[in-house]
Amino acid sequence: MKALKRPEPINVEIVLDPKETIMSKTDSKGIIEYANDYFMEVCGYEEQELIGQPHNVIRHPDMPKVIFKWLWEHLLAKKNIHALVKNLAKDGRYYWVITDFDVKLNDDGQITSFFARRKAPPRKTIEKIDNLYKKLLAIEAASGVDTAEKYLVGFLEEKRMSYDEFVEEICLSGETKPYDPKDLQYHKRRTIFSRMFR
């Protein structure tokens with residue numbers, strides 16, 4: 001299949017509807033097999049353009065490579081990861097999402113596909129993660145992905161958090177909906193994605 005030409009990015013944001021969910025399914029190598037209507041509405045591609053393309057067709061150049069390195073390491077280890085991602089639409093505009101993945105396995109335990117849900121992260125979260133990503137991108141440009149990964153590891157070690165915990169911290173900080181104490185254990189078991197959008 002012919003690869004789609006990436007657009008030139010423009011500094012205009014597409015603000016997502018917080019009630020809507022972008023959904024897609026890819027094969028084990030990240031080739032798009034399904035995209036819901038809201039995905040196509042936001043990114044601006046037609047269904048026949050998207051299906052069969054690698055999911056990184058919407059990767060924004062402002063995204064550090066190390067984040068996708070970690071994302072794929074998690075997925076190939078059959079683990080979910082809640083990544084904050086800046087995506088590129090067909091017309092060059094951008095939009096931010098928080099991701100949630102289901103890793104689908106066959107009877108032999110081999111990965112067959114990934115089903116992803118994406119929603120709009122809180123506005124305050126975007127500013128915090130954007131500052132970190134700009135630093136990582138600058139380090140990658142100067143010294144490579146491995147050096148950027150070392151910086152990210154150090155950044156998270158200082159906070160005594162994993163990347164997922166850091167994402168949860170900046171997404172849920174200042175949350176105003178208190179939990180009923182009897183529900184606390186239930187909420188601990190739920191993913192950040194389900195907690196944010198309950």
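Author: Happy to. The largest pocket has a volume of about 330 Å³. A pocket here is an open set of points on a 1 Å grid over the protein atoms alone, where a 1.4 Å probe fits, with protein on both sides within 12 Å along at least five of seven lines; lining residues have an atom within 4 Å of a point. Grid points are joined across faces, edges and corners, and the volume is the space filled by probe spheres set on the points. There are 20 lining residues, and those closest to the centre are His55, Asn56, Phe68, Trp72 and Arg118.

Before going on, please keep in mind that this is a predicted model: local features need pLDDT of at least 70, side-chain atom pairs count only at pLDDT 80 or more, and totals for chains, interfaces and linings use all residues. Residues are numbered from 1 along each chain as its sequence is written, and side-chain values use heavy atoms, without hydrogens and water.

By class, the lining has 10 nonpolar, 7 polar and 3 charged residues. Ala, Val, Leu, Ile, Met, Phe, Trp, Tyr, Cys and Pro count as nonpolar, Asp, Glu, Lys and Arg as charged, and the others, Gly among them, as polar. At least two lining residues come from each of strand S1 (22-27), helix H3 (65-76), strand S3 (84-88), strand S4 (94-105) and strand S5 (111-119). Helices (H or I, at least four residues) and strands (E, at least two) are DSSP runs, numbered from the N terminus. H3 gives the most, with 4 residues.

Now to the sheet behind these names. Its 5 strands form an open sheet in the order S2-S1-S5-S4-S3, with antiparallel pairing; two strands pair if DSSP finds at least two bridges between them. Strand S2 (32-35) and S3 are the edge strands, each with a single partner, so one side of each has no neighbour in the sheet. On average, neighbouring strands are turned by 35° against each other, direction ignored. Axes are lines fitted to C-alpha atoms, for helices over the stretch in contact, and angles run from 0 to 180 degrees between N-to-C directions. S4 and S5 pair in the antiparallel sense over 8 bridges, and Phe101 stands opposite Ala116 in S5.

Helices meet this sheet too. H3 lies across S3, S4 and S5 and runs at about 130° to S5. H4 packs on the sheet as well, touching S3 and S4, and its direction makes about 85° with that of S4; contact means heavy atoms within 4.5 Å.
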